[in-house]
Every structure is written in structure tokens, then in C-alpha cells.
Amino acid sequence: MQQYIEIGKIVNTHGVWGAVKVEPWCDSPEILSKMKKIYFPPVSKGGEFREVKVLKGSIQKDRVLLTLEGTETVEQAVLLKNKIIYAHRNDIPIEE
């Protein structure tokens, strides 16, 4: 069983303070908007997933806006465009 699950793709920036716009791949955008942390895949084989704290999440139409720790400018956010984001399986709320 995989520990990390694909939950969306960063499709654009939002504003000038480094927020990103995410296409959610979850059952609902609410799940993604309430995540406390996300993960980026390893850059090399055998590497570790990189954890990033979510400072703020909200829903805008069919997209999710996320403010991520360490991404404070639009220039930093542009570098994340088209990246797939992941969640740890234990971080996703599952109904009984």
C-alpha cells in the first residue's frame, strides 16, 4: 500500500504573495483545502518526499487556493506550477 497519494496539481499562481491554485484530485475540494501539510515527490530515485506546511487553504470555484510555508512571492510560486502534490495516507480524513 502506498504511503503517499496524489491529491492534486498546482495549475497556477494566485496573487502576489505566493499562493498557488490547485486542481484538486480528491473526492471534494474541502478535503484538500483543510490539509495541514502536503508533500512533493522525491527529486531522485530513493529520495524522500518533501513535507511542506500549509499556512492557509480555501476554495475558489472548482479550485483550491493554498498558501505554503516558504513560498512568499509570485516568483517562488511560479516554480511550483504543474507540480503534482501528495498527501500522507494517514492525513486524509476517512469517514466510518
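Residues are numbered from 1 along each chain as its sequence is written, and side-chain values use heavy atoms, with hydrogens and water left out. Because the model is predicted, local features need pLDDT of at least 70 and side-chain atom pairs count only at pLDDT 80 or more, while totals for chains, interfaces and linings use all residues.

The protein chain contains two helices and six strands; these are DSSP runs, helices being H or I with at least four residues and strands E with at least two, numbered from the N terminus. Read from the N terminus, the order of elements is β-β-α-β-β-β-α-β. The radius of gyration of the protein chain is 13 Å, close to the 12 Å that the globule rule gives for 96 residues, so the chain is as compact as a globular protein of that length. The radius is taken over C-alpha atoms, and the globule rule is 2.2 Å times the number of residues to the power 0.38. Along the principal axes, the C-alpha atoms fill a box of roughly 40 × 35 × 20 Å.

Contact means heavy atoms within 4.5 Å. Of the contacts in the protein chain with a separation of 6 or more, 61% are between residues 24 or more positions apart. Buried residues make up 30% of the 96 in the protein chain, where buried means under 20% relative accessible area, exposed over 50% and partly exposed in between (1.4 Å probe, protein chains only). The accessible surface of the protein chain is about 6500 Å², and carbon and sulfur atoms hold 49% of this surface. Areas were computed by the Shrake-Rupley method with a 1.4 Å probe; for residues, only the protein chains shown count as cover.

The protein chain carries 14 positive and 13 negative side chains, with the centres of the two sets 5 Å apart. Lys and Arg count as positive and Asp and Glu as negative, while His and the chain ends are not counted; each charge is placed at NZ of Lys, CZ of Arg, CG of Asp or CD of Glu. Side chains of opposite charge can pair when their charged atoms come close. With a salt bridge defined as a side-chain nitrogen of Lys or Arg within 4 Å of a carboxyl oxygen of Asp or Glu, the count is two. In one, the closest N and O atoms of Glu23 and Arg63 are 3.9 Å apart. Glu23 lies in strand 2 (residues 19-24) and Arg63 in strand 5 (residues 63-68), so this pair ties together parts 40 residues apart in sequence. Both residues are partly exposed, Glu23 with a relative accessible area of 28% and Arg63 with 24%. Asp62 also forms a salt bridge with Arg63, with closest N and O atoms 3.9 Å apart. Through shared partners, Glu23, Asp62 and Arg63 form one network.

Leu80 is placed in the loop between helix 2 (74-78) and strand 6 (84-88) and is buried, at 10% relative accessibility. Beyond its neighbours within four places in sequence, Leu80 contacts Ile10, Val20, Phe40, Leu68 and Thr71. The C-alpha atoms of Leu80 and His14 are separated by 12 Å, the two residues being 66 apart along the chain.

Most residues other than glycine have a negative phi. Lys61, in the loop between strand 4 (50-60) and strand 5, has a positive phi near 55 degrees and is exposed, with a relative accessible area of 79%. Asn82, in the loop between helix 2 and strand 6, has a positive phi near 75 degrees and is partly exposed at 48% relative accessibility.
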